[in-house]
Amino acid sequence: MRGQCRAAAALVALGVALEWAQGALTTTRLADPADALANAVGVLLGLAVAATPAATWLQRLDSRLGP
C-alpha cells in the first residue's frame with residue numbers, strides 16, 4: 001500500500017505540474033485549478049477502489065480485455 005500511496009502522490013503532482021505548464025508555457029491553453037482538483041480526485045478514487053475487493057475483479061476484467 002505504501003507504494004500505491006507514493007504513486008498516487010506522484011500522479012497528483014504530475015497533474016498539478018501539467019496544469020501549471022499549460023498556463024505558463026503555452027499561449028493557447030489555460031491553467032485550470034479545477035482540472036488539477038479533478039485529476040487529484042480521480043487518483044484518490046482509484047486509490048480507494050484499490051483497497052476494496054473490487055480491485056481483484058477489475059484486474060481480472062482488465063486481463064480479459066487486454067491487448
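Start with Glu 19. Setting aside neighbours within four places in sequence, Glu 19 is in contact with Leu 30, Ala 31, Asp 32, Asp 35, Ala 36 and Asn 39. Contact here means heavy atoms within 4.5 Å. This is a predicted model: local features need pLDDT of at least 70, side-chain atom pairs count only at pLDDT 80 or more, and totals for chains, interfaces and linings use all residues. Residues are numbered from 1 along each chain as its sequence is written, and side-chain values use heavy atoms, with hydrogens and water left out.

Glu 19 lies in helix α1. Helices are DSSP runs of H or I, at least four residues, numbered from the N terminus. What about its charge? Glu 19 is buried yet has no salt bridge. Buried means under 20% relative accessible area, exposed over 50%, and partly exposed in between, with a 1.4 Å probe and protein chains only. A salt bridge needs a side-chain nitrogen of Lys or Arg within 4 Å of a carboxyl oxygen of Asp or Glu. Which side chain of opposite charge is nearest to Glu 19? Arg 29, and it is 6.2 Å away. On charges, Lys and Arg count as positive, Asp and Glu as negative; His and the chain ends are not counted.

Next, Gln 22, also in α1, residues 2-25. Gln 22 counts as buried because its relative accessibility is 19%. Beyond four places in sequence, Gln 22 is in contact with Arg 29, Leu 30 and Ala 31.

Now α1 as a whole. Its buried residues are Ala 8, Gly 15, Glu 19 and Gln 22. They pack against α2, residues 33-50. The 24 residues of α1 should span 34 Å at 1.5 Å a residue, and the end C-alpha atoms are 33 Å apart, which agrees. The expected span is 1.5 Å times one less than the number of residues.

Ala 17 of α1 is partly exposed, at 41% relative accessibility. Ala 17 and Leu 37 are 20 residues apart in sequence and 12 Å apart in space, C-alpha to C-alpha.

On to α3, residues 54-65. It has 12 residues and reaches 16 Å from first C-alpha to last, close to the 16 Å expected. Of those 12, one is buried, so α3 lies largely in the open.

Last, the surface. Val 49, Trp 57, Leu 58, Leu 61 and Leu 65 form a nonpolar patch, with about 490 Å² of accessible area together. α3 gives the most to this patch, with four residues. Leu 61, in α3, is partly exposed at 34% relative accessibility. Patch residues have over 30% relative accessible area and no salt bridge; like charges are joined within 9 Å, nonpolar side chains (Val, Leu, Ile, Met, Phe, Trp, Tyr) within 5 Å. Areas come from the Shrake-Rupley method with a 1.4 Å probe; for residues, only the protein chains shown count as cover.

Methods. Helix = DSSP H or I, 4+ residues; strand = E, 2+ residues; numbered from the N terminus.
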